[in-house]
Every structure is written in C-alpha cells, then in structure tokens.
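I opened the model today to look at a few loops, a sheet and some packing. Here are my notes, in the order I made them.

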Amino acid sequence: MSSQARQEMSTLVTEIRDHQFRYYVLDKPIISDGEFDTLLERLKKLEAAYPEYKSDESPTELVGGGFATHFTQHDHIEKMMSLDNVFSRDELGSWFDRIEKSGATNSWLCEVKVDGLAINLLYENGKLLRALTRGNGTTGEDVTLNIRTIASIPHELEGTNHPAILEVRGEVFFPIDAFNEFNDGLEEEGKPRFANPRNAAAGSLRQKDPRVTASRPLSMVVHGIGAADGVTFTEQSQAYALLKSWGLPISSRFKVVNDRAGVTEFIDYYEKHRHDVEHEIDGAVVKVNEISVQEQLGFTSRAPKWAIAFKYPPEEVTTKLLDIKVSVGRTGRVTPFAYMEPVLVAGSTVTNATLHNAQEVMRKGILIGDTVVIRKAGDVIPEVLGPVIERRTGSETVWAMPTTCPDCDTALRAISEGDVDIRCPNTQSCPAQLRERLYYIGSRAALDIDVLGYEAATALLNENLVEDEGDLFALTADDLKKSEFFRKKDGELGANATKFLAALEAAKSRPLWRMIVALSIRHVGPTAAQALAKNFQSLERISTTSAEELAQVDGVGGIIAASIVEWFSIPWHSAIIEKWSRAGVVLVESENENTTPQTLAGLTIVVTGSLVDFTRDGAAEAITAHGGKSSSSVSKKTDYVVVGEAAGSKADKAAELGVAILDEAGFKRLLAGEK
C-alpha cells in the first residue's frame with residue numbers, strides 16, 4: 001500500500017503543478033476550480049498519512065503557481081500567503097474548534113472571497129512604487145505599469161501619516177456587467193471569448209502594452225496588509241478603516257460578528273446572493289479580527305492559521321458531451337444544446353446546456369464525445385464554454401445542424417439574409433412551437449397563469465383540447481374533464497383544474513402590454529410592449545398602424561415595427577385575436593391604468609439590488625405605470641438609481657456619474673409624487 005501511495009503522490013504532484021502552470025501562466029485551465037481543489041485535498045490527505053514521502057516541491061507547500069513568465073521578477077517584503085479552504089459546515093466547525101483551543105477571540109471578520117487575481121501593492125511614503133502578482137508567494141511578477149491604469153488604485157495615498165513602507169494585498173477583478181459587454185464585443189469582432197471574468201482579469205494584467213490594459217475596466221478590492229513600517233493595528237477591521245481613509249478600495253461587503261452564528265449567517269447570505277455582487281465570488285473568508293490573536297496563532301508554510309476560506313459549490317465543471325441535439329422555440333428558432341453526462345454544478349445536477357447556434361458550435365470547435373467545460377451562474381441556463389482539447393481520444397465526431405425540424409419535419413431555413421439563427425417556418429402547426437407559446441403565455445413574463453406550465457401545455461395539445469393559443473380562454477370545466485392531467489380518477493375535476501380556470505379568468509384583464517407580450521411577436525419584449533400599449537391604447541390600433549408610425553415610438557424602432565406589421569398580416573394570427581376577444585379578453589388599455597398618476601413622466605430609472613415590497617419585475621412595472629422608463633443600465637441619461645439590499649456595481653456607477661440614488665422609501669415617495 002505504501003508503494004502505491006508514493007506513486008499516487010508523485011503523480012498528483014506532477015498533475016497539480018501542470019494545472020497550476022495552465023492556470024497561472026497560460027490563463028487556460030483545462031479543469032474547473034472544484035476539480036483542482038479535489039486533487040489538492042487528496043494530496044494533502046496522502047501527505048498526512050505518509051509524511052515520509054512528501055516532496056519539498058509539493059504544491060501543498062507552495063503558494064499559488066510560482067511560475068516565471070517574461071515579466072521582471074521581484075521579491076515581496078513579506079511572504080504573500082494563500083488561504084486554506086473548507087468545503088462544509090463540519091470542516092468550518094473543526095477550524096473554529098482549533099482556533100478557540102489555541103487562543104480566545106472576541107470577534108470574527110467575515111468578507112466575500114473575490115474570484116480575481118491576487119496582487120501586492122508596495123507604497124513607499126504614500127507613493128505607489130511597485131505592483132506584483134503573488135507568484136510563488138516569495139517572488140512575483142512586476143505588473144506596475146498595468147496596475148497604474150486601474151482607476152480605483154491610487155498612485156499616491158490620500159490623507160497623512162503614511163507608513164514609510166506599506167504592502168497592500170488584494171484582488172484585481174473584471175466587473176461582471178463590464179465582462180459580459182467586453183465578451184460580446186470580442187464576439188462581434190470574430191475573436192474568442194474569455195471563459196470567465198477571472199481569466200479576463202489575468203489576461204488583461206499580463207498585456208505587454210499598458211494601453212490594452214487601460215482599455216479594460218478592471219477594478220480591485222483590498223483585503224490585507226503585508227509589511228508595514230510605522231503603523232500598527234489592534235484589529236483587522238481597524239486596518240480596513242485606515243486603508244479606506246487613505247483612498248484604497250476596501251470592499252463594503254465585510255462584517256464583524258461576535259460568534260459562530262454570525263459567521264454562518266454571513267456565509268449563508270452570500271451563498272444565496274452571490275449573483276447580486278458586482279464581481280464574481282467563490283466563497284466567504286473568515287478571519288480572527290484581533291491582531292494579537294492572529295500573531296499568537298501564526299502561520300503554516302503557506303497560509304495563516306487565523307483565516308479560512310469557505311468555498312461555495314463550483315459553477316464551472318467538466319463533463320462528457322454525449323450528443324448535440326436541437327430544440328425549437330416559440331418563434332421557431334432552432335437552438336442546439338448539449339446533452340451530457342449528469343454533473344453537479346452550482347448545487348444542482350444538470351444534463352443539458354445551451355450552445356446558442358450552429359456558428360457558435362463551430363467557433364468553439366466542439367465535437368460530440370468531447371470533455372467540455374460548462375458554467376452555470378445564478379438562474380442562467382448552463383452554457384458550454386468550450387472543449388478540453390487535451391482530453392480528446394480521437395473517437396470524437398463532428399456535429400452537423402439538422403436540415404429539417406425534429407418536431408414537424410419541415411425544412412429549416414434562415415428567415416433573413418445574414419441571420420445566424422435557423423428557424424422552423426411552420427409557425428402555425430409545429431407541435432414544439434405551439435407547446436412553447438402556450439407555456440410562455442402562462443409564465444410570469446407574460447400573463448402569469450397559475451397551473452399553465454410545461455406539463456399542462458403539453459396535455460392541452462396532446463389531448464386536442466386546444467388547436468392553438470387562440471382556444472385557450474374558451475376552455476370550460478367540461479373540456480378539462482376530458483384530460484387526464486386535469487381530472488381525478490373518479491372523473492371529477494382536480495384542484496389544479498379549478499385553479500387553472502380561475503387563473504384564466506383573472507388573466508383576461510391583465511394589462512394590455514402583457515397581452516402583447518403573450519402573442520410571441522418576434523423581437524417584441526416587455527419594453528416595446530409597454531411603449532406600444534401606452535401610445536396606441538388598443539391592440540386594434542396597433543394592428544392597423546403602419547411600420548413607419550410604429551417605428552417612431554420610443555422603445556420600438558424599425559426592426560420591431562417591421563416584425564409587428566408582418567405578424568398582423570398573417571390570417572391565423574388575426575384569428576387568435578378574434579378568439580381571445582370573443583372569450584372576453586380585454587385588448588385595450590384598462591381605465592385603471594389610464595388613471596394612474598404619471599408621477600414619473602419623462603424620468604429614466606434603474607433598480608438594483610433586492611427591494612422589500614417590490615420584485616424586480618414589479619418595480620419595473622410600477623415605473624412604467626407611472627409614466628417613467630425602466631432601464632437596466634446606468635448612464636448620464638439616468639435620472640434615478642433605486643438601491644436595494646446587495647446592490648451591485650450599478651450603485652457605484654451612479655455615484656461615479658453623479659446620478660441621484662434612492663432607497664426603497666425614497667422610491668415610494670417618488671411614485672407618490674412627493675419631492
């Protein structure tokens with residue numbers, strides 16, 4: 001057994017160092033963070049069991065990658081440590097036990113763990129002298145010129161009484177909103193996208209030309225101090241306050257708590273709200289707040305004993321791509337998706353992930369049989385980021401887009417020249433499109449009809465209770481008794497049928513803009529629908545208005561206008577409207593909506609973070625109902641930004657641009673017309 005352990009340890013050392021090289025030097029990792037952590041934890045356990053076989057070059061004794069690149073190398077004054085990780089509440093509890101046995105502590109400092117690139121800033125008498133990457137913890141790469149391009153990092157500290165020497169440690173990151181915009185721009189230019197914000201930040205800092213780095217909106221969060229000549233602290237939180245007073249970018253997302261329960265509450269909160277933060281996080285960090293206790297506890301060879309990182313479930317993993325299939329959406333768009341071996345990602349098991357379109361499959365070079373990297377962030381559908389080419393065996397096969405619809409066998413085609421999307425033109429009777437349109441009508445994005453989910457939509461079509469969405473509002477209790485989905489074993493209606501009929505009746509009087517959205521007119525989303533309802537007041541007027549006049553409406557434009565005119569020119573679409581009207585569906589702007597005080601007329605408002613009395617959609621509807629425009633991005637044209645709990649970078653941008661910021665109470669006063 002000992003010889004097997006020795007061999008496995010040697011293999012793990014080589015494998016881990018190779019992954020570190022790909023991660024730290026090439027910025028092209030081939031495994032996820034979670035898989036890397038698993039390898040490292042296995043090596044640690046073996047080294048603990050067989051210490052006689054432990055190598056002096058073991059990754060468990062080294063900090064970070066430690067690989068040299070073409071950048072100049074410099075030593076840190078004080079070693080730049082990593083953090084030890086825990087992955088469960090039990091492991092965290094064991095860490096607490098060890099701390100409390102070693103020395104009493106009165107408080108803990110909790111902060112989010114930024115998923116960025118570790119940087120050490122060296123200030124001499126208040127002036128930025130040098131910026132180094134972590135490197136091997138002792139020696140880092142000089143990226144000073146590139147760091148100087150980051151607006152949030154001061155070249156000279158503010159205030160007075162600066163230490164003669166001060167090392168400041170933190171993480172450089174690419175804000176998520178800016179990263180998405182940047183990636184979209186790369187795609188438009190035909191360039192490969194970055195896999196994630198961390199890789200984008202690392203790649204941006206390793207540019208030879210600082211002008212390239214300056215063109216990318218990097219930022220930084222400071223979370224620690226190395227060498228400090230001429231200043232002392234009694235608490236970690238006190239150090240943060242002083243660093244902030246000197247103009248350094250300290251995160252507002254930290255909290256000092258007095259017990260384990262407070263630590264658990266912090267960890268749980270940010271696990272739930274990790275996607276409300278302006279940068280990516282992969283966990284929470286817990287530190288002993290008292291400096292005297294930190295000094296008493298000391299360090300291992302690579303990490304402080306007084307701090308620990310609690311890692312959240314990984315959001316990027318690798319798995320086997322078994323096949324590429326296609327799905328047909330409500331407007332006929334045919335989208336390829338990956339069918340994979342089941343894999344746990346971000347806390348849930350997934351087997352499918354989007355591939356967007358055929359061109360994207362080709363651009364990423366994905367083959368059936370590949371090991372692929374997938375990512376799931378928040379409520380977003382999992383996405384295939386790309387293949388792990390090094391794991392190919394030669395048995396992989398090229399995928400080809402089908403030429404006919406998998407649901408109705410109609411020949412697929414691009415609707416217009418230059419359109420990257422392939423569509424099924426059989427919009428009237430393609431089973432997939434009918435099912436998706438019915439499902440969408442019932443969703444919160446459209447009419448929010450209780451019970452009308454995917455199963456109900458499938459049952460209504462398969463059991464011939466509706467021919468298309470036009471028949472939906474004419475359904476009766478007798479109709480539903482014919483369906484196994486809606487009736488009980490004794491033949492009577494089930495509770496779901498009663499709820500469904502009541503929901504259908506309530507949906508008949510939804511706001512006009514929601515009715516427009518429910519029609520699944522291509523390109524027409526909530527913003528355009530609200531503008532149309534406000535300007536034309538009825539579906540009939542919209543149907544008879546020219547494309548030129550429709551295009552003049554703010555929020556509509558030429559492409560949407562042409563799509564609206566085309567939709568109403570199709571006879572079976574007009575038949576849907578007639579059926580809904582006969583069933584009692586209100587297709588005009590309601591009197592109640594017309595009398596809503598237009599207190600926000602002419603104002604553009606952005607909502608960020610979580611509000612107590614409004615959902616995000618509810619806040620947007622309130623803004624529109626009161627005559628304002630709800631926007632998703634902050635600009636100089638924005639009048640107000642409403643900031644809720646866990647607000648992200650939009651609040652920071654509002655402050656930077658001088659845009660007025662409101663809390664929820666202020667938002668309510670604005671809706672009421674109070675100044």
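**Entry 1: E280.** I looked up E280 and found it in the loop between α9 and β10 (281-288); helices (H or I, at least four residues) and strands (E, at least two) are DSSP runs, numbered from the N terminus. This is a predicted model, where local features need pLDDT of at least 70 and side-chain atom pairs count only at pLDDT 80 or more, while totals for chains, interfaces and linings use all residues. Residues are numbered from 1 along each chain as its sequence is written, and side-chain values use heavy atoms, with hydrogens and water left out.

Is E280 buried or exposed? E280 has a relative accessible area of 11%, so I noted it as buried (under 20% relative accessible area; exposed is over 50%, partly exposed in between, with a 1.4 Å probe and protein chains only). Leaving out residues up to four places away in sequence, E280 touches K113, V114, D115, I176, P197 and R375 (contact means heavy atoms within 4.5 Å).

**Entry 2: α3 against α9.** α9 (residues 260-272) packs with α3 (residues 89-102) at an angle of about 145°, and their axes are 12 Å apart. Axes here are lines fitted to C-alpha atoms, for helices over the stretch in contact, and angles run from 0 to 180 degrees between N-to-C directions. From α3, R89, L92, G93, F96, D97 and E100 meet R260, V263, T264, I267, D268 and E271 of α9. I sorted the residues of this contact into four nonpolar, two polar and six charged (Ala, Val, Leu, Ile, Met, Phe, Trp, Tyr, Cys and Pro are nonpolar, Asp, Glu, Lys and Arg charged, and the others, Gly among them, polar).

**Entry 3: the four-stranded sheet.** I traced an open sheet with the order β5-β4-β7-β8 and antiparallel pairing (two strands pair if DSSP finds at least two bridges between them). Why is one side of β5 and of β8 left without a neighbour in the sheet? β5 (127-133) and β8 (219-229) stand at the edges and each has a single partner strand, so one side of each has no neighbour there. On average, neighbouring strands of this sheet are turned by 25° against each other, direction ignored.

I followed β7 (residues 165-173) along β8: eight bridges join them in the antiparallel sense, and I165 has D229 as its bridge partner in β8. Helix α8 (residues 236-245) packs on the sheet and touches β7 and β8, its direction making about 110° with that of β8. Helix α6 (residues 197-205) lies across β4 (117-124) and β7, at about 45° to β4.

Entry 4: I then checked β19 (residues 604-608), where five of its five residues are buried. T604, V606 and T608 cover one side, I605 and V607 the other. β19 runs parallel to β20 (residues 629-631), with three bridges, and pairs with β21 (residues 640-643) in the parallel sense over four. I605 stands opposite S630 in β20 and opposite Y640 in β21.

Last, I found T599 in the loop between α22 (591-594) and β19. At 25% relative accessibility, T599 counts as partly exposed. The backbone oxygen of L671 lies 2.7 Å from a polar atom of the T599 side chain.

How values were computed
A polar contact is a pair of N or O atoms within 3.5 Å; within protein, one must be able to donate a hydrogen and the other to accept it, and residues adjacent in sequence count only if both atoms are side-chain atoms.
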